[in-house]
Amino acid sequence: MRKIPTQYNQGTMTLRLTRTQVREIDRRATAEYGIPSIVLMENAARSAAEVAMEMLKGVNDPTVQIMCGNGNNGGDGFAIARHLHNRGARVQVAGDWTKPMSSDGTINFRAIHAIPQIERITFQEVDVFDGYDLAIDALFGTGLSRAISGELSKAIGKLQLMLYPILSIDLPSGLDCDTGEPLGPCVHATKTITFVAEKAGFANPRSREFTGEIVIGDIGVPPELIAAVVAESA
């Protein structure tokens, strides 16, 4: 199997992480540096909320629709909803409330459940013609390795019909982290905030069709840890 490079030369060296490296960085941040995973999620949400507010700059009384999966990417979305609400945005969160969530996602879902001003609806109730100022794609992150089907595939289809900007969290839902190829239905984002570093698949020129502009978000992982993981897997 061809080894996917952790770095890619486009005039300057750009750090790009594989799915395996991302998981190892997250694991060791908690196990060796004592940073709880919920803190990493909170840091990610803060970074994403800042980017979202930049995209909403100049918009009075902004409205945001967030599509959340049931894993940690959805947990990021729940936490982002709370931060955007705190910054004065009107927020609607869509999800599948019948399925279990990740442990950290559950914590952040309970936090927004306590805020009645954050509207919660199902994917089926999403109206693509509601005219929000921004949509946030928090359905799937780096862990996705197969095509999306069922209601989540329909959710991506609704995102594709929206005429307002889309911000994807970590990478567009449906895009393979390592190859930069769509696994099936895939979000076409206006902008993607990816955490710690770009992903290996972003070296694939085709990935830009889905990522749009890429922004790196800080989640508080020590640079020494990132360097160690990259060196060990080189």
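A residue counts as buried when its relative accessible area is under 20%, as exposed when it is over 50%, and as partly exposed in between. That scale is used throughout this report on the structure above, which is a predicted model.

**Two residues with positive phi**

Asp61 has a relative accessibility of 69%, and because this value is over 50%, Asp61 counts as exposed. The residue is found in the loop between helix 2 (37–55) and strand 3 (63–68), and its phi is near 50°, a positive value in a residue other than glycine. Val196 likewise is not a glycine and has a positive phi, here of about 75°; its place is the loop between strand 8 (191–195) and strand 9 (198–199). With a relative accessibility of 22%, Val196 counts as partly exposed.

The table gathers the accessibility of the residues discussed in this report.

| Residue | Relative accessible area | Class |
|---|---|---|
| Asp61 | 69% | exposed |
| Phe78 | 1% | buried |
| Val91 | 3% | buried |
| Trp97 | 29% | partly exposed |
| Val196 | 22% | partly exposed |

**Helix 3 against helix 4**

Helix 3 (residues 72–86) packs with helix 4 (residues 103–113) at an angle of about 25°, and the two axes are 8 Å apart. Angles under 35 degrees count as roughly parallel, so helix 3 is described as roughly parallel to helix 4. The crossing of helix 3 with helix 4 is left-handed. On the helix 3 side the contact is made by Asn72, Gly75, Phe78, Ala79, Ala81 and Arg82, which meet Asp104, Gly105, Asn108, Phe109, Ala111 and Ile112 of helix 4. Sorted by class, the residues of this contact comprise 6 nonpolar, 4 polar and 2 charged.

**Aromatic pairs around Phe78**

Across the whole structure, a search finds 4 aromatic pairs. One of them joins Phe78 and Trp97, whose ring centres are 6.1 Å apart and whose planes stand at 35° to each other, a geometry classed as tilted. Phe78 belongs to helix 3, whereas Trp97 lies in the loop between strand 4 (90–95) and helix 4, so this pair ties together parts that are 19 residues apart in sequence. The two partners fall in separate accessibility classes, since Phe78 is buried at 1% while Trp97, at 29%, is partly exposed. Ring pairs also bring in Phe109, so that Phe78, Trp97 and Phe109 are linked into a cluster; Phe78 and Phe109 are both among the residues listed above for the contact of helix 3 with helix 4.

**Val91 in strand 4**

Val91 has its place in strand 4 and is buried, with a relative accessible area of 3%. Leaving aside residues up to four places away in sequence, Val91 touches Val64, Ile66, Ala81, Leu84, His85, Gln117, Ile118 and Glu119. Thr30, by contrast, is 61 residues from Val91 in sequence and 31 Å from it in space, taken C-alpha to C-alpha.

**Helix 1 against helix 7**

Helix 1 (residues 19–31) and helix 7 (residues 223–232) have axes that come within 10 Å and cross at roughly 135°, which makes helix 1 oblique to helix 7. This crossing is right-handed. The residues that meet are Gln21, Glu24, Ile25, Arg28 and Ala29 from helix 1, and Leu225, Ile226, Ala228, Val229, Val230 and Glu232 from helix 7. By class, the contact of helix 1 with helix 7 holds 7 nonpolar, 1 polar and 3 charged residues.

Key
Residues numbered from 1 in each chain as written. Predicted model: local features only at pLDDT ≥ 70, side-chain atom pairs only at ≥ 80, totals over all residues. Heavy atoms only, no water. Axes fitted to C-alpha atoms, helices over the stretch in contact; angles between N-to-C directions. Helix = DSSP H or I, 4+ residues; strand = E, 2+ residues; numbered from the N terminus. Parallel < 35°, antiparallel > 145°, perpendicular 65-115°, else oblique. Left-handed = near helix turned anticlockwise from the far one by under 90°. Contact = heavy atoms within 4.5 Å. Nonpolar A, V, L, I, M, F, W, Y, C, P; charged D, E, K, R; others polar. Phe/Tyr/Trp six-rings, centres within 6.5 Å; stacked < 30°, edge-to-face > 60°. Buried < 20%, exposed > 50% of the residue type's maximum accessible area, 1.4 Å probe, protein only.
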